[in-house]
Every structure is written in C-alpha cells, then in structure tokens.
Amino acid sequence: MYKILIIDSNSIFGATFAGLLERSGYQVEIAVQIADGLARVPATNPDLVLIGIDVDNPGPCAAAQHLPATTKIIALLSHEKKPTEALKEVLHLLRDCPVFYKPFRTEEVLAAIYAELVPQTK
C-alpha cells in the first residue's frame, strides 16, 4: 500500500481528498502546517507528498526542498490570479513535479498520483 502525505492549509480540502485516496487504497496522512508535515516525513516515510501552495506564500515550495530526494511530489497551486511563468518554472526545477492549479479536476490529480507511484510497464 502506498503512503501519501497531504500538506495543505485547507483542512476541508485535505480531509475530502484524503477520503478519496483512502477509498482508492492509499494510506493517507494530513498535515495542515508545513512544519508539521515536514516533521512527519521521517516517521511516515511517504511515497508521495501532495503539497498545497498558495502563489502568494512561497513557504511550502521552499519547504519541499527539504523533502528526501526519493520522495515524489505533486504541487497544487491556488490563488485568484494565474501563477506567473517564473513560479511555474521554479516548481518544475524543484523536482520536475506535476503541478495542478486549483480548481483542478480531481480525476486528473488521481491519475497523476497513480502514474507517479505505480511502475509503468512498456
């Protein structure tokens, strides 16, 4: 069973998305604070971190740099305005992680999680 850590300041989103992931067979933990999420990483050793990033608060993006290199990341960006191209480029350089913009289509994020975690056969 794959372990996913959700770090997002929106607790309603975290709980809702955690429920969807658990029904899909994933083990999920939720952290509302960045520091709490980073503190959980060594003990939980997640296979993937789903991290919510507000365009106006670069803290989560900077925090993601402290995750182990083997931990896969999917970033969920939110803001009323469209993120700048510079911020998108920084996120891709961070780990070349998939990036979704809220509001996003849930099935697209679930498909990206599956693609990141499940080895693909050719």
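**Stop 1: Asp 8 and its neighbours**

Select Asp 8. Leaving aside residues up to four places away in sequence, Asp 8 touches Phe 13, Ala 31, Val 32, Gly 52 and Lys 102. Show those side chains too. This is a predicted model, so read every distance on this tour as computed from predicted coordinates.

Is Asp 8 buried or exposed? With a relative accessibility of 4%, Asp 8 counts as buried, because the cut-off for buried is under 20%.

The Asp 8 side chain reaches the backbone nitrogen of Asn 10 at 2.8 Å.

**Stop 2: the whole chain**

Zoom out and colour by secondary structure. The protein has five helices and five strands. Trace them from the N terminus: the order is β-α-β-α-β-α-β-α-β-α.

The accessible surface comes to about 7,000 Å². Carbon and sulfur atoms hold 55% of that surface. The protein has 122 residues, and 42% of them count as buried.

Next, think about contacts along the sequence. Take the contacts with a separation of 6 or more: 68% of them are between residues 24 or more positions apart.

**Stop 3**

Select helix 2, residues 34-44. Which residues of helix 2 are buried? They are Gly 37, Val 41 and Thr 44. Look down the axis of helix 2: the buried residues fall within an arc of 95°, so they line one face of the helix.

Show strand 1 and strand 2 next. Both are among the parts that cover the buried residues of helix 2.

Turn to the other side of helix 2. Ala 35, Ala 39, Pro 42 and Ala 43 are exposed there.

Step past the end of the helix. Asn 45 follows helix 2. Its phi is positive, near 45°.

**Stop 4: the salt bridges**

Side chains of opposite charge can pair when their charged atoms come close. How many salt bridges does the structure hold? The structure holds four. Two of them meet at Arg 40.

Select Arg 40 and Glu 29. Their side chains form a salt bridge, at 3.1 Å from N to O. Arg 40 lies in helix 2 and Glu 29 in strand 2 (residues 27-31), so the pair ties together parts that are 11 residues apart in sequence. Arg 40 is partly exposed, with a relative accessible area of 24%. Glu 29 is also partly exposed, at 28%.

The closest N and O atoms of Asp 36 and Arg 40 are 3.1 Å apart, in another salt bridge. Both residues lie in helix 2, four residues apart, about one turn of the helix. Asp 36 has 31% relative accessibility and counts as partly exposed. Through shared partners, salt bridges join Glu 29, Asp 36 and Arg 40 into one network.

**Last stop: Arg 105 and Glu 107**

Select Arg 105 and Glu 107. They form a salt bridge, with the closest N and O atoms 2.5 Å apart. Is Glu 107 buried, partly exposed or exposed? Glu 107 counts as partly exposed, at 45% relative accessibility.

Terms used:
Residues numbered from 1 in each chain as written. Predicted model: local features only at pLDDT ≥ 70, side-chain atom pairs only at ≥ 80, totals over all residues. Heavy atoms only, no water. Helix = DSSP H or I, 4+ residues; strand = E, 2+ residues; numbered from the N terminus. Buried < 20%, exposed > 50% of the residue type's maximum accessible area, 1.4 Å probe, protein only. Contact = heavy atoms within 4.5 Å. Areas by Shrake-Rupley, 256 points an atom, 1.4 Å probe, with all protein chains shown as cover. Polar contact = N/O pair within 3.5 Å; in protein donor to acceptor, adjacent residues only side chain to side chain. Arc of directions from axis to C-beta.
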